[in-house]
Amino acid sequence: MGQHLLLLIPSDSYRAADFLAAADAVGMDVVVACDQNQTLEHTVSGKLLTLNFLDLTRSTQRVLSFSEHYPIVAVVPTEDRATSLASVLSKALNLPHNTLAAVEAANNKKILRERLKQAGLPCPDFQVYSSALWPETIADGLDYPVVLKPTGLSGSQGVIRANGPDEFVAAFQRIKRLFDDPDIIRRKGEHPEEILVEQYIPGKEVALEGFLLKGALSCLALFDKPDPLEGPYFEETIYVTPSRIPHLLQQSITTTVAKSAEALGLTEGPIHAEIRIDQNTPYVIELAARSIGGRCASVLRFGTGFSLEEIIIRHALGKPLPSLEREKQAAGVMMIPIPQAGILKEIKGLPIAKQVTGINDIEITALVGQSLVPLPEGRHYLGFIFAKGKTPEFVESALRQAHQKLTFVIDPSHDIHP
Ligand code: ADP
């Protein structure tokens, strides 16, 4: 009975292939646990498991009995949605882990705000409202602009800026409608209820990819987000590292993120933070107990060529870690936004876009024939463009050039959110 690594991979994760490749590189036998029935589960015993990521007690019992036949020596969640189960499983199996309270705080925007405020860290003013309220009764008393967001979703889904009472009422109702989406109810296990309303923080935004070892934070990469993120919806596009902001400010960002992780009680493994910088003060907007989402991590290489996923798996296994220093050249990724709702008919220009100097790869993850839903209701991208080069400026320009060469033909007559 060999030792096994348990990967908790939600069925719609972009990250399965990268984590499986990393497990292979580390030389581990893998068990993949998914949150939806896998038809092949019974034909490949010891390789696949279906677990309800929300039913922590039953899923833990299931894994413990599974582990009697296929010993599990490490548990790695690939997405926010799997971090609570990973925490409980790791505790039951006596493996190093973040506490359940800490990962639940990271997964809930209201608790995150409360913890940052209690710790005296920069934090926008905020209020949480039940979605059952009439927004008209709140709208006139707010100090605009504000950002409304569901407390328990991610990927900017349902995050909307409002500049005045009318926009606030419309945004509130739009989020309320989103809460009835059966896919969201399935993912959350319940009908979401709460809407966080907070002060809009102006300024540049950066993302910090970090790693916690016994509570100490290492910054793996600080990404600039050169496209303005001013709303009303906050679609991610370009990430480029190393950051071009002044070194002292970078240090202050890392310190603030480290204190924020401490305030939540996070101590082990990857973290991903989104930070706004208003007048040189870093505000942590989001702090997730996972690594960077989508396929973005594939532009990161550490030490002698290790992927981020290999570092995460080695850490979970208690193996020695390679250098956490990123390779010297600049790197960037563009999450290709959905320009309009509809059915994706055709993708043009891919071979030419791939030839742009500096472009390493372009991966289109949307499928022809698929219904495309942009933010704030949607949560997927058309795909990812990856670039590397000498400077962040070069990388950013390569990403923009490649994107310009791509055309996505979309039939808008199938927009389900007119
Ligand atoms: P999610 O976890 O769903 O991605 P976030 O809270 O991180 O939600 O918000 C998504 C994006 O919305 C942020 O990266 C940021 O660009 C923008 N945003 C969210 N809250 C604020 C705020 N208070 N001020 C300014 N921008 C914000």
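Me: Which residue forms a salt bridge with R379, and how close are the closest N and O atoms?

Reply: Side chains of opposite charge can pair when their charged atoms come close. A salt bridge is defined here as a side-chain nitrogen of Lys or Arg within 4 Å of a carboxyl oxygen of Asp or Glu. R379 forms such a bridge with D183, with the closest N and O atoms 3.7 Å apart. The pair links distant parts of the chain, 196 residues apart: R379 belongs to the loop between β17 and β18 (383–389), and D183 to helix α8 (residues 182–188). Helices (H or I, at least four residues) and strands (E, at least two) are DSSP runs, numbered from the N terminus. A search of the whole structure finds 25 salt bridges.

Me: On what basis are such values given?

Reply: This is a predicted model, in which local features need pLDDT of at least 70 and side-chain atom pairs count only at pLDDT 80 or more, while totals for chains, interfaces and linings use all residues. Residues are numbered from 1 along each chain as its sequence is written, and side-chain values use heavy atoms, with hydrogens and water left out.

Me: In what order do the three strands of the open sheet stand?

Reply: Two strands pair if DSSP finds at least two bridges between them. In this sheet the order is β17-β15-β19, and the pairing is antiparallel. The edge strands, β17 (371–372) and β19 (407–411), each pair on one side only. Strand β15 (residues 342–348) is joined to β17 by two bridges; G342 has L372 in β17 as its bridge partner.

Me: How many bridges join β9 to β10?

Reply: Eight bridges join strand β9 (residues 204–213) to strand β10 (residues 216–224), and the two run antiparallel. The bridge partner of G210 in β10 is C219. In this hairpin, two residues lie between the strands, and K214 takes a positive phi near 50 degrees.

Me: Which other backbone features deserve attention, such as the phi of S156?

Reply: Most residues other than glycine have a negative phi, and most peptide bonds are trans. S156 is not a glycine, yet has a positive phi of about 65 degrees; S156 is found in the loop between β6 and β7 (160–162). A cis peptide bond joins Y144 and P145, with omega about 0 degrees, and P145 is in the loop between α6 (136–139) and β6 (146–150). Another cis bond joins T241 and P242, with omega about 5 degrees. P242 is in the loop between β11 (238–241) and α9 (247–264).

Me: What area is buried between domain 1 and domain 2?

Reply: The size of an interface is often given as the accessible area lost when the parts come together. Buried area is the accessible area (1.4 Å probe) that two parts lose on being put together, summed over both. The domain assignment, automatic or from a database, gives domain 1 (4–104), domain 2 (125–199) and domain 3 (329–418). Between domain 1 and domain 2 about 420 Å² is buried, of which carbon and sulfur atoms give 44%. In domain 1, Q36, L54 and R81 lose the most area to domain 2, together 72% of what that side buries.

Me: How many residues of each domain are in contact, and how many salt bridges does the rule find across the interface?

Reply: Six residues of domain 1 are in contact (heavy atoms within 4.5 Å) with five residues of domain 2.
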